[in-house]
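Open your viewer and get your selection tool ready.

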2 protein chains.
Amino acid sequence: MKNTVTIKDVAKKAGVSISTVSRVINDSKPVTDEIKQKVLQVIEETGYVPNPLARSLVTKRSQLIGVVVPEVSDSFVSEILNGIEEIARMYDYDILLSNTYSDKEQEMKSINLLRAKQIEGMVMISWNLEEDHVDFIKKCGIPTTYISKTAREFDVPTVSVNNESATYDMTKHLIEKGHKKIALVMTSPADTALEMERLSGYKRALLESNIEYNESLIRYADVDYAKGYEAATSILEGDIIPDAIFVTGDEAAVGAINAAFDKGYNVPDDISVAGFNDVKIAKVYRPKLTTVHQPLYDMGAVAIRMVIKMIKGEEVEEKKVELPHRIEDRDSVKNR
Amino acid sequence: MKNTVTIKDVAKKAGVSISTVSRVINDSKPVTDEIKQKVLQVIEETGYVPNPLARSLVTKRSQLIGVVVPEVSDSFVSEILNGIEEIARMYDYDILLSNTYSDKEQEMKSINLLRAKQIEGMVMISWNLEEDHVDFIKKCGIPTTYISKTAREFDVPTVSVNNESATYDMTKHLIEKGHKKIALVMTSPADTALEMERLSGYKRALLESNIEYNESLIRYADVDYAKGYEAATSILEGDIIPDAIFVTGDEAAVGAINAAFDKGYNVPDDISVAGFNDVKIAKVYRPKLTTVHQPLYDMGAVAIRMVIKMIKGEEVEEKKVELPHRIEDRDSVKNR
DNA sequence: GTGAAAGCGCTAACAC
DNA sequence: GTGTTAGCGCTTTCAC
């Protein structure tokens, strides 16, 4: 460590006590203006920067927030991360990042590691949050906001869009565009609250338009490209060929588009495909993906704000924050 | 902070001095096995975790490494980040992340902020590294490895692929596939060492096959999709319509593919398009992108290893590390 | 309004 | 092999 100039050096050089210097840099107690200026000047001259380690040790505040993610290179994650990082920095917090590769044991390890590092709060992004995680985090007493497909099941602060109505909206959109046989590919396991919400939105839209619900048009896959490809292939090998496939994830939706192509169907001419999330690839892929836009950056921003609020001991009135979504109508869905 | 159990508590409960506890947890000096077991047991019981803040304060080692990036949500960056994160964790280092959005002032700020946080080392990822950055970082005395398109110009540790030969290889590959009019879209400014290297590789391949170099087939763009689209459009509006466009970035290459489509050319039937980097979209886009594969994860891993080496005071023998690249032959380039 | 002194949790001489 | 002690750089009573 290069930065060898300490509060002592400043005090000595300014001819005051270290307490006075401390008061100046923290603005914690009144200091005579003259002395204040002198100290400030010495700080300027020496390039003194307070050592946050020492400060944290006594104040018990590390100014560190842990962020646990499945994988930074997932664009859903990294776009949220942008929001987290920027707002955290605004509030003088730094981010300690931990990849888990969606491995539960690694998630537990990450939490523990971050806790050891004295983080004051945490944002937990996980595809499959389980009760164990939540219990453990609660026991640790770390103020945490969750962004997880399954977090809504637990009594913890979360931020998300309203999945029921988002799915409803897109299904409705598809119906309005003249689709009648709409396949639904979910990107998480069947038994989670999230998928129940989404399924419910889907069914509600169908019901409203008197379209019969057909279970053979439903698949449970995963978020990635390959799983979307698989699921769509399986649907296209079934008895009923849909006129639209709604995949609740963009990368998986791109997989579905490719699966359709490979089965000899043109998207959107033969079959429409819709996605969910509106990550970067949705805007770039051809055909450009019609999808449910989620405000990813804002979700990160809101999540970190909630954490900071909790750290400060303020009560967060609304624990389940729902941000607005919208249908982003692009080229992968066609009027029929 | 919940974790109220300190080394003192452990010492008292185990009936030993705090130094003994310290010795046990750090394995720094021999301790009688019996006592050691006792201490370990108490640690287990109490769930004691050493406070790294306090430790860092005395050892002067923060176990923190700063990573400055243009933007986490860029897939080139985030794939490198995966490597950095995983290896850092292996060596018990944590990552302090800072987004700069490629803004020079913000880059300086980030460096300063990280320095204040007592980082021991740094990985600097920047599209346009300038002398100012390098000088400043050197002056701070923070061991740093650079991953930057322009870092090779400076006398600092860098990790990259051999851009001259990578560009040569791809150009050669294109020629072997029967292409004669190969446009080149660069993804950084003309005056950087990187682009000179790439251009040289391109020219070398051309020369070897007695193909005349034609400046009107060269463009300088930027890494993003839109800039690739623009550059390709401009080429296709020129006098000479190429049979291949080689774009030194995948996202920009995808932009070029779309530009070709929009101009009525089919890729790869009418025009081939090749990329550079092999990020996720290259594997997923249709046509799948023929591109130069860079070992992104490994680049991150090597970079962080170099930093850790420097922190430990070991001399890094090779300052300019070059990792192997390869041509990933997919579907956007066709035999002619 | 200012300084002296205690102490945050820990490591590392230094004695024994 | 073990305990005592002096700090690391800072904030925060507590006197003055």
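Which residues are closest to DNA strand D? Select Ile7(A), Ser19(B), Arg23(B), Thr32(B) and Lys60(B), the closest of the 29 residues that surround DNA strand D; a residue is near a strand if one of its heavy atoms lies within 4 Å of it. This is a predicted model, where local features need pLDDT of at least 70, side-chain atom pairs count only at pLDDT 80 or more, and totals for chains, interfaces and linings use all residues. Residues are numbered from 1 along each chain as written, chains are lettered from A in the order in which they are written, and side-chain values use heavy atoms, leaving out hydrogens and water.

The side chain of Tyr48(A) places an N or O atom 2.6 Å from a phosphate oxygen, and for the side chain of Asn26(A) the distance is 2.8 Å.

Move on to DNA strand C, which 30 residues surround; among the closest are Thr20(A), Ile35(A) and Ile7(B). Zoom in on Thr32(A): a polar side-chain atom sits 2.5 Å from a phosphate oxygen of DNA strand C. In chain B, select Ser22(B), with a polar side-chain atom 2.9 Å from a phosphate oxygen, and Asn51(B), whose polar backbone atom is 2.9 Å from one. Finish on H2(B), the source of the largest share of the surface near DNA strand C, 6 residues.

Key. A polar contact is a pair of N or O atoms within 3.5 Å; within protein, one must be able to donate a hydrogen and the other to accept it, and residues adjacent in sequence count only if both atoms are side-chain atoms. Helices (H or I, at least four residues) and strands (E, at least two) are DSSP runs, numbered from the N terminus.
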